[in-house]
Number of protein chains: 2
Amino acid sequence: MTQPAPGDLASAFSGARVIITGGLGFIGSNLARRLAGLGAEVTAIDSLIPEYGGNLFNVDDIAGRIRVNISDVRDMHALRYLVQGGDYLFNLAGQTSHLDSMNDPQTDLEINGTAQLSLLETCRKHAPGIRIVFASTRQIYGKPDYLPVDEKHLLRPVDVNGINKMAGEWYHILYNNVYGLKAAALRLTNTYGPRMRVKDARQTFLGIWIKMVLEGTPIEVWGGEQLRDFTYVDDCVEAMLLAAVTPAMEGQALNIGGDGVISLKDLAEMLVRVAGTGTAAIKPFPAERKRIDIGDYYADDSRLRALTGWTPTVSMEEGLRRTVAYYRENLPRYL
Amino acid sequence: MTQPAPGDLASAFSGARVIITGGLGFIGSNLARRLAGLGAEVTAIDSLIPEYGGNLFNVDDIAGRIRVNISDVRDMHALRYLVQGGDYLFNLAGQTSHLDSMNDPQTDLEINGTAQLSLLETCRKHAPGIRIVFASTRQIYGKPDYLPVDEKHLLRPVDVNGINKMAGEWYHILYNNVYGLKAAALRLTNTYGPRMRVKDARQTFLGIWIKMVLEGTPIEVWGGEQLRDFTYVDDCVEAMLLAAVTPAMEGQALNIGGDGVISLKDLAEMLVRVAGTGTAAIKPFPAERKRIDIGDYYADDSRLRALTGWTPTVSMEEGLRRTVAYYRENLPRYL
């Protein structure tokens with residue numbers, strides 16, 4: 001396996017023109033910060049739709065070092081201009097709420113399907129040399145047949161969002177295979193850390209848990225026995241950078257996991273302990289969530305590790321500590 | 001397994017209100033004829049887009065016995081009216097050309113993705129009791145890892161059409177699982193028979209082969225060693241009817257195959273022999289097709305047979321004989 005040597009990231013991204021869709025969102029803004037640190041010329045594209053993850057405060061500390069462009073991934077005219085001359089595209093913009101996708105399936109399809117296809121057509125025609133990393137999701141597996149879930153597992157999405165993300169992922173793989181665009185996808189599991197959406201559970205339940213702990217509201221744990229894996233955002237960002245510069249990743253759609261597996265009950269207790277505030281209470285599963293819940297999930301991400309050399313470096317406890325510290329300081333900017 | 005008893009089809013469909021999207025197309029019109037024979041009130045919906053399979057001559061002989069409504073599956077207002085009060089929906093309308101899907105991916109997505117989602121939303125809201133059978137395709141498997149391909153095989157579509165059909169299939173399964181709509185999907189392989197499109201290879205290469213044999217033009221066989229399975233259209237229609245009335249099919253997406261496996265070279269020779277006219281010549285694969293070709297494919301359809309009791313009744317040779325006889329009489333109506 002060809003793995004990037006230490007220092008490859010700096011040489012790959014220093015001076016590179018990098019476009020990030022969803023660049024004011026949780027992962028996108030952390031990626032923008034890391035890339036700016038590596039000397040890249042970053043353009044963060046975001047629609048700032050209030051229900052999604054974009055937040056200008058996410059790039060407040062790097063405001064002079066990146067270019068911000070407010071536009072929607074459905075705006076193909078803007079994207080056509082913005083991707084031209086790009087070296088890398090981190091394609092993170094998406095509708096991520098599972099319940100929203102059921103209540104308004106066509107909007108989910110527009111953003112996660114139609115716009116992705118348009119973006120790839122635009123890259124093919126106007127930026128054929130660009131290297132793309134697409135943020136896919138473990139949601140496309142649905143309820144696992146076996147654990148840990150590897151990439152041989154059938155895709156059986158359990159909501160409209162999962163179906164459209166599956167299509168979006170496959171457009172990327174197809175354009176890689178057929179048109180020679182260089183594209184890879186990472187199937188993200190629960191990613192967490194500073195700059196995540198915490199005002200509600202639209203991005204992940206862990207966001208609102210952090211808010212509740214800091215505000216002293218009891219956390220409601222639905223069920224509690226479900227096992228999950230988590231990726232600290234800095235580890236996720238590193239995986240994306242490695243995916244972008246690793247030729248063996250082209251045409252791959254691979255899982256990313258994290259540092260071990262934890263039950264939601266244990267996670268809630270760890271969070272309360274780390275924060276030193278709040279309490280956790282186990283509650284029965286709400287019916288509306290239950291019918292699209294997938295039970296236990298954790299990834300086998302050995303393919304990603306083997307191809308890129310990636311390994312998570314931040315433990316769950318340390319990640320929670322950093323996240324809580326961030327929101328203890330900045331919570332009002334996320335409400 | 002609960003299998004329909006003989007006579008169940010007549011009792012299920014006699015007097016039933018049945019909607020067929022793509023109802024003037026190849027399979028849709030054969031289905032309409034069979035359903036009219038069973039005493040159903042059939043509405044055949046078709047856009048008659050010239051590049052697709054719809055042809056008014058396909059229902060010429062049953063013109064007074066079915067209702068024809070010219071409208072596109074993207075016309076949600078028309079569909080909303082047309083599906084109300086329906087007992088069964090055979091959802092066959094689609095863009096089927098693989099090359100067209102690469103040249104105009106957004107139109108393929110509109111028809112095979114967006115419109116399917118709208119149709120299911122419409123059924124959920126305005127015809128919640130309707131039973132749906134969706135025409136999916138073996139194309140969504142891509143290049144097989146093993147043969148015969150069963151439903152445990154990963155879906156790895158190799159063109160935009162395959163990705164969108166995969167999404168369209170999953171919308172149906174999802175709406176079955178989450179909203180209690182009753183929907184099943186059949187993953188069709190090469191279907192052939194009277195009323196198929198023969199003026200070009202947009203629907204299947206076998207169509208244009210039949211035209212060439214009848215016109216005395218040498219058939220060009222690309223490659224020739226590739227193995228394929230074929231379903232005679234009457235057998236396909238029977239499988240769709242059985243799928244619609246078999247409760248165990250709800251939420252299933254199952255393969256349909258046919259009577260054995262044949263190489264394209266042997267098929268061409270059989271066709272020339274059956275027709276008594278024409279010749280066949282082996283040609284190298286055109287590059288544009290090669291990059292999206294999937295090699296050998298044939299289905300394991302034992303799940304469908306077990307759940308519905310379906311079995312193919314028309315051999316390849318007999319099917320070709322009937323097809324050639326049909327086009328010998330009617331070819332000008334298909335040019």
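These are my notebook entries on a predicted model with chains A and B.

**Entry 1: chain A overall**

I began with the secondary structure. Chain A has twelve helices and twelve strands. Its radius of gyration is 19 Å, close to the 20 Å that the globule rule gives for 335 residues, so chain A is as compact as a globular protein of that length. I then took the box along the principal axes. The C-alpha atoms of chain A fill roughly 55 × 45 × 40 Å.

Next I looked up burial. Of the 335 residues in chain A, 61% count as buried. The accessible surface of the chain comes to about 12,300 Å². Carbon and sulfur atoms account for 49% of that surface.

I also checked contacts along the sequence. I took those in chain A between residues at least 6 apart, and 82% of them join residues at least 24 apart.

**Entry 2: how the two chains relate**

I superposed chain A on chain B. A rotation of 180° with 0.0 Å of shift along its axis does it, and the RMSD is 0.0 Å. That is the relation of a two-fold axis. Which residue of chain A comes closest to the rotation axis? I found A:Leu154, with its C-alpha at 2.8 Å.

Then I compared the interface residues. Of those in chain A, 100% are also interface residues in chain B, so the copies meet through the same surface.

**Entry 3: aromatic pairs**

I counted 24 aromatic pairs over all chains. I picked A:Phe57 and A:Tyr334 to look at. Their ring centres are 5.8 Å apart and their planes stand at 80°, so the pair is edge-to-face. Where do the two residues sit? A:Phe57 is in the loop between β2 (41-46) and β3 (67-70) of chain A. A:Tyr334 is in the segment after α12 (316-330) of chain A. The pair therefore ties together parts that are 277 residues apart in sequence.

Elsewhere I traced a cluster linked by ring pairs. It holds A:Tyr192, A:Phe205, A:Trp209, A:Phe230 and A:Tyr232.

**Entry 4: arginine over tyrosine**

I looked for charges over rings. A:Arg124 lies over the face of A:Tyr179, at 4.1 Å from the ring centre.

Definitions and conventions. Residues numbered from 1 in each chain as written. Chains lettered and ligands numbered in written order. Predicted model: local features only at pLDDT ≥ 70, side-chain atom pairs only at ≥ 80, totals over all residues. Heavy atoms only, no water. Least-squares fit on C-alpha atoms with pLDDT ≥ 70 in both. Contact = heavy atoms within 4.5 Å. Phe/Tyr/Trp six-rings, centres within 6.5 Å; stacked < 30°, edge-to-face > 60°. Helix = DSSP H or I, 4+ residues; strand = E, 2+ residues; numbered from the N terminus. Lys NZ or Arg CZ within 6 Å of the ring centre and 35° of its normal. Rg over C-alpha atoms; globule rule 2.2 N^0.38 Å. Buried < 20%, exposed > 50% of the residue type's maximum accessible area, 1.4 Å probe, protein only. Areas by Shrake-Rupley, 256 points an atom, 1.4 Å probe, with all protein chains shown as cover.
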